[in-house]
Amino acid sequence: MLFAQILLLLMCLASGSIAKHTATVKRTQWDQIAINACAKELESYKFDTDVKGRHASICTYEPALGSWLHCAKGVLDSKKKNKETFEKSFGRINQFCNDYHRKDGDVSNEEFYRIFSNASAFIRPIGEVKESVSCPVIPDKASLDRWVWAYFGPLDNLDKGNVYGITICLYWLGVLFIAAVYHLLNFSRLKQTVLRNRVSAFLRAHYVLPALIHNHAMSVGRWFFIGLVPTRLETLVLLGYVLLHGVLLSSYNFDRNELLSDHKSQVLIFLSDRAGILAFAHFPLIVLFGGKNSIMTWLTGIKYTAFITYHKWLGRFMLVDCAIHAIGYTYHAYIENYWKYVKYNDLWTSGRHAMIIVAVLVFFSFFFFRRHYYEFFVITHIILAIGFFYEAWRHCYKLGWGEWIIACALFWVADRILRLIKIIIFGIPLAKLKLHGESMIQVKIPKSSKWWRAEAGQYVYLYFLKPKMFWQSHPFTVMDSLVEDDMLVIVITMKNGLTKKLQEYLVQNEGHAEMRVLAEGPYGHSTRTYLFESMLFVAGGTGMPGPLSMAIKAGQELKNNDDYRTIKFVWSVRNLELLEVYKKEVMVLKELNVDVRIYYTGERKDELSVEEGTTANMNMQGRLLATPKTAETITDFGRPNIGELIEEAVSGANSLLIVCCGSEGFVDKTRELAAKKVLENGEKWIEYVEEFQNW
Ligand SMILES: Cc1cc2nc3c(=O)[nH]c(=O)nc-3n(C[C@H](O)[C@H](O)[C@H](O)COP(=O)(O)OP(=O)(O)OC[C@H]3O[C@@H](n4cnc5c(N)ncnc54)[C@H](O)[C@@H]3O)c2cc1C
């Protein structure tokens with residue numbers, strides 16, 4: 001039912017009919033403000049008439065009506081409004097005085113002009129009129145201004161909300177623009193030339209690269225209360241947004257004279273309205289940053305994980321805005337005694353539903369759920385998000401601000417279409433799966449489309465088309481096979497969800513299986529390795545594919561006269577099965593003159609006999625360590641000293657690229673050391689690229 005309604009909504013959007021219905025209109029209508037303020041001021045005077053009823057004197061007593069028109073004209077002139085606005089105020093007067101004109105119909109514009117010019121001939125300032133007023137009067141300016149301000153404030157608050165909402169979007173557009181310009185510099189040596197100085201090194205080492213505190217990749221906290229810490233650059237971007245949001249949420253034109261409502265009510269309504277509008281302005285950004293964003297990553301170089309960081313924080317502040325809006329209005333309804341009249345109407349019910357849904361949505365987005373129940377998180381996230389936007393739509397349907405929802409629906413649909421296109425281009429190839437050891441799965445996928453190309457370090461979302469798995473998609477780094485043309489290779493390390501199911505399936509099938517797969521991607525972007533004199537690729541355990549494929553690419557790019565360029569590949573590995581899986585690639589690296597250093601951090605089996613003929617009786621570990629081939633592959637035992645390796649790599653070079661992927665702790669340490677080395681080597685350009693992503 002809900003889906004049918006959403007479908008209907010999207011269809012209507014296409015025709016533009018809903019867009020018209022729920023469009024945001026400018027609330028500060030000066031004709032209305034002028035008419036209201038003048039009416040209030042003039043009704044405080046005693047006109048020389050006995051007519052009774054609401055607005056009776058200003059509607060029916062011609063000197064009062066003439067004063068009203070004059071007053072409105074004065075207000076509109078002071079705001080530089082044109083004749084058209086003045087004529088619109090005639091319509092407002094007709095609405096105001098509807099009860100008195102019922103018999104004769106609306107007063108025509110000609111008649112209003114006649115009354116206006118007639119009044120002009122006799123009009124006098126109110127200060128000069130002593131007793132009851134029998135001629136057209138110019139109201140007291142100070143008092144009139146107070147009424148104008150009282151009427152202007154709430155309407156202006158709504159319009160300012162729209163402008164401020166757009167301001168928040170512009171802030172993020174600015175961030176994307178700056179990122180795009182910076183990203184553009186990655187395609188030439190300009191960045192290294194312009195930004196290679198101590199000031200930039202200081203800024204990058206202190207304010208860009210490191211995690212805000214503790215770690216970036218590894219979660220902090222305990223049990224349920226765990227989360228990820230953004231980098232300092234991400235924090236600065238978020239800080240700018242939070243400050244801007246705070247300022248935009250706290251500037252109001254209150255009416256200190258409390259002419260229309262007391263200060264408490266004004267605070268409640270102004271704040272609630274502003275927060276509600278700002279919440280809506282977050283919708284498109286949240287959807288945009290939460291999508292797969294291949295185009296935006298390509299344009300700006302911002303990683304998916306950073307987009308997700310922004311998505312999360314925008315979502316949290318949207319929740320705060322929603323809560324302010326909901327609590328503010330509920331409290332106002334309570335103190336002004338209208339709660340019982342509104343609580344079950346559509347506007348309030350949908351608002352309540354939206355608030356509850358978004359609170360549940362944010363709760364189930366906690367890192368605890370993402371880490372332990374990822375699929376549950378994804379499914380609830382999508383369903384609750386659809387529910388939330390549906391209720392938000394119902395909430396604003398008759399009020400306006402629907403454009404924000406339309407924009408986010410369009411972003412969402414565009415993202416889905418783009419993803420679908422990516423999947424279609426890839427096709428449905430038959431992949432070969434092979435189990436290595438107990439927990440390593442090698443997936444070989446033939447490339448069926450010549451349009452599909454992945455660069456080194458990119459990843460795809462893989463769907464395994466088996467009844468129990470097809471609905472899940474998981475990200476894995478892809479590499480071109482070094483032995484078979486048009487073949488992609490993915491190496492999967494078993495975890496506890498889908499990858500475990502895959503492993504179990506392979507165990508049942510003697511370690512081999514074939515199945516159709518879909519791949520959505522490629523995502524992520526490659527680094528321009530040819531711009532660097534020295535390159536250090538650091539991989540920890542299963543984080544091998546990204547640095548490996550980039551190192552191979554860099555090795556292939558090396559030319560004969562590139563003697564001054566060096567490539568070092570460092571792999572810290574504990575699991576010998578992994579060595580087996582990547583044996584060929586490691587050989588290729590060596591053939592490409594890449595300095596390969598493999599650090600074995602697992603248990604040493606020195607005591608194992610290596611005498612001829614005895615290897616057959618050894619376990620895998622023993623055999624690998626004992627055979628000459630493997631002894632050649634492993635260059636060091638124990639953990640690599642990353643700091644020293646960076647120092648070594650940067651000495652004698654003007655620029656160094658560090659690419660790292662591995663366990664969370666491993667990449668965090670490398671990031672920290674890279675930042676330190678950036679600071680110490682201010683006269684050189686050191687770039688740190690982290691292939692690991694966590695969200
Ligand atoms: C850009 C990127 C590239 C990756 N490349 C590789 C690779 O080449 N080889 C490899 O073995 N692993 C890779 N991973 C990790 C891999 O995606 C997860 O190990 C896999 O999704 C776990 O699936 P599961 O259901 O068995 O996990 P679970 O046991 O359910 O969860 C294990 C961990 O994986 C995370 N996770 C689960 N599903 C997803 C998902 N759909 N998207 C993101 N994170 C998820 C969970 O938050 C949890 O922290 C990569 C991850 C990313 C983000």
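Modeller: Let's begin with a term: a residue is buried under 20% relative accessible area, exposed over 50% and partly exposed in between (1.4 Å probe, protein chains only). This is a predicted model, where local features need pLDDT of at least 70, side-chain atom pairs count only at pLDDT 80 or more, and totals for chains, interfaces and linings use all residues. Residues are numbered from 1 along each chain as its sequence is written, and side-chain values use heavy atoms, with hydrogens and water left out.

Biologist: Thanks! Are cysteine 59 and cysteine 97 buried or exposed?

Modeller: Both cysteine 59 and cysteine 97 are buried. They also form a disulfide, with an S to S distance of 1.9 Å; the term covers a pair of cysteine sulfur atoms within 2.5 Å.

Biologist: Where do these two cysteines lie?

Modeller: Cysteine 59 sits in helix H4 (residues 56-60) and cysteine 97 in the loop between H6 and helix H7 (98-101), so the bond ties together parts 38 residues apart in sequence. Helices (H or I, at least four residues) and strands (E, at least two) are DSSP runs, numbered from the N terminus.

Biologist: How many disulfides does a search of the whole structure find?

Modeller: The search finds 2. Cysteine 38 and cysteine 71 form a disulfide too, with sulfur atoms 2.0 Å apart. The pair links helix H3 (residues 30-42) to helix H5 (residues 62-78), and the two cysteines are 33 residues apart.

Biologist: Now helices. How far does H20 reach from its first C-alpha to its last?

Modeller: Helix H20 (residues 402-426) has 25 residues and reaches 36 Å, close to the 36 Å expected at 1.5 Å a residue; the expected span is 1.5 Å times one less than the number of residues. Among its buried residues are Trp404, Cys408 and Phe426. Glycine 427 follows H20, and its phi is positive, near 85°.

Biologist: Last one: what is the strand order in the open sheet?

Modeller: The 7 strands run E8-E7-E11-E5-E6-E10-E9, with antiparallel pairing. Strands pair if DSSP finds at least two bridges between them. The edge strands, E8 (474-477) and E9 (479-480), each pair on one side only. Further in, E5 (residues 430-436) and E6 (residues 440-446) pair over 5 bridges, and leucine 435 stands opposite isoleucine 441 in E6.
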